[in-house]
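Welcome! Here is a short tour of one protein model, taken step by step for someone who has not seen it before.

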Amino acid sequence: MRDEPNRRTGDREHDDPWRRLPAMAPAAPAGRAAATAPGRVRTVAEPSAPTLARTVAPSPLDPGAALDPYPVHRRLREEFPLTYDPLLRAWVLSRYADVATALTDRRFTHGHRPGDPACARAHTDVDLAELRHVVERTAHVLARRIAGRDRADLVADFCHWLPAGTVAAAVGVPYRDMMRLVRGRAATALAGECGGQIAVREKALASFLGNVLADPDQVAALRHAPAGLVARAWAESLRRDPPVQIAVRRTREDVPVSGGILPGGSSVALLVGAAGRDPERFREPDRFDPLRDDPGQLTYGPGFCPAVILAGLEAEYAIRTLFEAMPRLRLADGFRPAPAGLITRAPRTLVVLPNG
């Protein structure tokens, strides 16, 4: 968004669209009162100047953000913790404390996250032992199909199939029909409202495997790791590289947040990716560290939900079966995972050498 020329000519002063945009001002520095009232655009030039310069928040949808959103996220967290984005047509929250509140507080509505309390109450007849069995079996079959190749793409050949195949096996859909049926009737039969999370689990798994394989130390640590350590690495990947970057909620009433007050009845865009890398919440937030002493993630809620359980099991058995079938598995020479996407985000390819 570029600086606009001064339009104060006669009655056109009241038609200036910039004057109708709420809350675009940067936050006040920590420990200091805001210099501008909420709901106003902060001017940085004198009103009498020939042009009226303004400091305007960047947008999460700015060009280039799909490849590297983190500079935009950082500036929003530091300078614009509450801003209205005309492209999203929503207020934007980017700090961990605010995003976590919006995902859990009853003053916000119009959203669904697997594992939240309302979700947990919807699932009453789930056989955990059977879920574990079908995940293990599906991962084993997929890993064995890759093991004999000289080169493979784990996104296309593994991540794309494991979540769908797991649901298909759990509800008895024939393997040959799983991609045709599993995203509709079969998924809903297993996970109810959470059935649409299959694509999210694909992306989360791709990011997880990318984070592990990109670091030889993580490969060594997780190759024969117990389930607990794999679970910590999985949660850390969800924090650092969440599959859903932007979630949308709506306020039931006015809600105080960093930088001002969200008006009741407003649409709110929650930058989950920015919140997961908030240095006020996480030490060295850009670093993938399964052993960190300040863990946390916002993709899934803490309650019981088949989609959440399946995602964790898929991560666990992905690591186990891939390294069992391919002990020398590694990324191809010169290849580095490159996540991309604005609303959802993950590597589109993971090119590996199955036999080292």
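Strand β5 and strand β8 (residues 267-271) run antiparallel and are joined by 5 bridges. The model is a predicted one, in which local features need pLDDT of at least 70, side-chain atom pairs count only at pLDDT 80 or more, and totals for chains, interfaces and linings use all residues. Residue numbers start from 1 along each chain as its sequence is written, and side-chain values use heavy atoms, with hydrogens and water left out.

Strands (E, at least two residues) and helices (H or I, at least four) are DSSP runs, numbered from the N terminus. Two strands pair if DSSP finds at least two bridges between them.

β5 and β8 belong to an open sheet of 5 strands in the order β1-β2-β8-β5-β3, with mixed pairing. Its edge strands, each pairing on one side only, are β1 (82-85) and β3. Here are the pairings in this sheet:

| Strands | Sense | Bridges |
|---|---|---|
| β1 and β2 | antiparallel | 4 bridges |
| β2 and β8 | parallel | 3 bridges |
| β8 and β5 | antiparallel | 5 bridges |
| β5 (residues 246-251) and β3 (residues 108-109) | antiparallel | 2 bridges |

Individual residues let you trace these pairings on screen. L82 stands opposite L93 in β2. W91 has V268 in β8 as its bridge partner. In β8 you will also find A269, the bridge partner of V248, and S267, the bridge partner of R250. R250 of β5 also stands opposite T109.

The hairpin of β1 and β2 has 4 residues between the strands, and R89 takes a positive phi near 55° there.

What lies across β2 (90-93), β3, β5 and β8? The answer is helix α2 (residues 96-104), which runs at about 125° to β8. Such angles run from 0 to 180 degrees between N-to-C directions, and axes are lines fitted to C-alpha atoms, for helices over the stretch in contact.

## A second sheet

Another open sheet has 3 strands in the order β4-β12-β9, with antiparallel pairing. β4 (152-153) and β9 (330-331) are its edge strands, each pairing on one side only. Between β9 and β12 (residues 351-353) there are 2 bridges, and the two strands run antiparallel. R330 stands opposite L353 in β12.

## Two crossing helices

Helix α8 (residues 198-213) packs against helix α10 (residues 227-240) at an angle of about 110°, and their axes are 9 Å apart. α8 and α10 are therefore roughly perpendicular to each other, a label for angles of 65 to 115 degrees. From α8, the contact (heavy atoms within 4.5 Å) uses A204, L205, S207, F208 and N211, while α10 brings V230, A233, W234, S237, L238 and R240. By class, this contact of α8 with α10 has 7 nonpolar, 3 polar and 1 charged residues. Ala, Val, Leu, Ile, Met, Phe, Trp, Tyr, Cys and Pro count as nonpolar, Asp, Glu, Lys and Arg as charged, and the others, Gly among them, as polar.

A cavity is a set of points, on a 1 Å grid over the protein atoms alone, where a 1.4 Å probe fits but cannot get out. Grid points are joined across faces, edges and corners, and a volume is the space filled by probe spheres set on the points. The model has 5 cavities of 30 Å³ or more, and the largest cavity holds about 70 Å³.

Which residues line the largest cavity? They are P60, A65, P69, H73, Q245, I246, L271, G341 and L342, where lining means having an atom within 4 Å of a point. This lining divides into 6 nonpolar, 3 polar and no charged residues.

Terms used. Parallel < 35°, antiparallel > 145°, perpendicular 65-115°, else oblique. 1 Å grid on protein atoms, 1.4 Å probe; cavity = no way out; pocket = protein on both sides within 12 Å on 5 of 7 lines; lining within 4 Å.
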